[in-house]
Structures are given as C-alpha cells and as structure tokens.
Amino acid sequence: MTALIFLILAAIAVFCGISLVAQTHPISSALSLIGVMGALAVLYLQLGAEFIAAAQMIVYAGAIMVLFVFVILLLNAGAERPSSANGSTFAKYFGIFLLASLLGIISLIVQSVLPKTEAVVFGEFQGGTAAGVGAKLFTTYLLPFEVTSILILIAIVGAVVLARKEV
C-alpha cells in the first residue's frame, strides 16, 4: 500500500513539475510549484519525517510561494507570448529521442557506479525531528543556511529595484 501511495505522489510531483515548466503564465507556474511542494511534504510524512513535512508546507509552500507571487505581481509579469519562429517537427521529435537516450544513458551510468543499497522502509527514518534538523542546520550546514538567507535578501532587493517606477 505504501508503494502505491508513493507512486501516486511521485506522479503528482512529476506532473506538477512538468506543468511548472510548461505554463506560460507565471502565476500558474507558481501554483504548479505549490503542487510539487505539497506532494513532497506528503512523501516526507510517509517517510516518518513529520517536522520536515511541516517545514516544507509552512516555509516553502507558504512563505516562499507568497514571496514568489508578490514578486510576480510587483513586476507585473504577464503571460509569455509564443514566438513567431516555430522549429521544425523533425527537430522536435529528434530532440525528444535525444532526451530519452540521454536519460537512459545517465540511468545506466548511475546504476553501474552507485553501490547496491537496502530498500527504504517507510516510517523508520529518524532524522526528521526538530532536534535532528536543528542540530544539523546550526552545526554542519550553518554556512549554506546563512548564504541562502543573504541570497534571498538580495533577490528581494533586486525585485524592488526592478519594479520601482522612475520619477
């Protein structure tokens, strides 16, 4: 049963990820990203990482997506216009074939290089508690955490500068 739930949630996450890239309107893309974040949060719950799932929903699907939508509205970005130059159908289908071939080659390389591991047992993950995440975040991953916060601050300032009207 857990494998079926995993496959359904993985399919939802992949579908929303493809929709994220394929959408022409930025708000629709942001909503697709919320779908990806929600599916990942439920997958974290299935693994037994309740704190990480809650943080995923509160921080990413909540705060970060509100920030994305705010920046999109601040920049007044409309729907993307289709380009007038359409590529040939041969190039489109050959590109799909090349993409499938590349993914197949990468999967073969990954399977041959990585060692065989045990299967994941759902619910036995013990690193998703608040204490475990806090200990890792403020010891091992302190520098990347602070660099990320500075990058987010720079992005906010950049969005405000881009959206500012000239007087």
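Mentor: What follows covers the core, a surface patch, the aromatic rings and the chain ends.

Mentor: This is a predicted model, where local features need pLDDT of at least 70, side-chain atom pairs count only at pLDDT 80 or more, and totals for chains, interfaces and linings use all residues. Residues are numbered from 1 along each chain as its sequence is written, and side-chain values use heavy atoms, with hydrogens and water left out.

Trainee: Which residues make up the largest nonpolar core?

Mentor: It has 6 residues: Ala 30, Leu 33, Met 37, Ala 61, Met 65 and Ile 72. A nonpolar core is a set of buried Ala, Val, Leu, Ile, Met, Phe, Trp, Tyr and Cys residues joined through side-chain atoms within 4.5 Å. H2 and helix H3 (50-75) each supply at least two residues of this core. Helices are DSSP runs of H or I with at least four residues, numbered from the N terminus.

Trainee: What is Leu 33 in contact with?

Mentor: Leaving aside neighbours within four places in sequence, Leu 33 is in contact with Leu 20, Met 65 and Phe 68. Contact means heavy atoms within 4.5 Å.

Trainee: And Ser 32, buried or exposed?

Mentor: Ser 32 counts as buried because its relative accessible area is 9%; buried means under 20%, exposed over 50%, and partly exposed in between, with a 1.4 Å probe and protein chains only. Ser 32 sits in helix H2 (residues 26-47). Not counting residues up to four places away in sequence, Ser 32 touches Cys 16, Ser 19, Leu 20 and Gln 23.

Trainee: Switching to the aromatics. How many aromatic pairs are there?

Mentor: The count is 3 aromatic pairs. Rings of Phe, Tyr and Trp (its six-membered ring) pair if their centres lie within 6.5 Å; planes under 30 degrees apart count as stacked, over 60 as edge-to-face and the rest as tilted. Phe 90 and Phe 94 form a stacked pair, 5.7 Å centre to centre with 10 degrees between the planes.

Trainee: Where do Phe 90 and Phe 94 lie?

Mentor: Both are in helix H4, 4 residues apart, about one turn of the helix. Phe 90 is exposed at 62% relative accessible area, and Phe 94 is partly exposed at 41%. Phe 90, Phe 94 and Phe 97 form one aromatic cluster.
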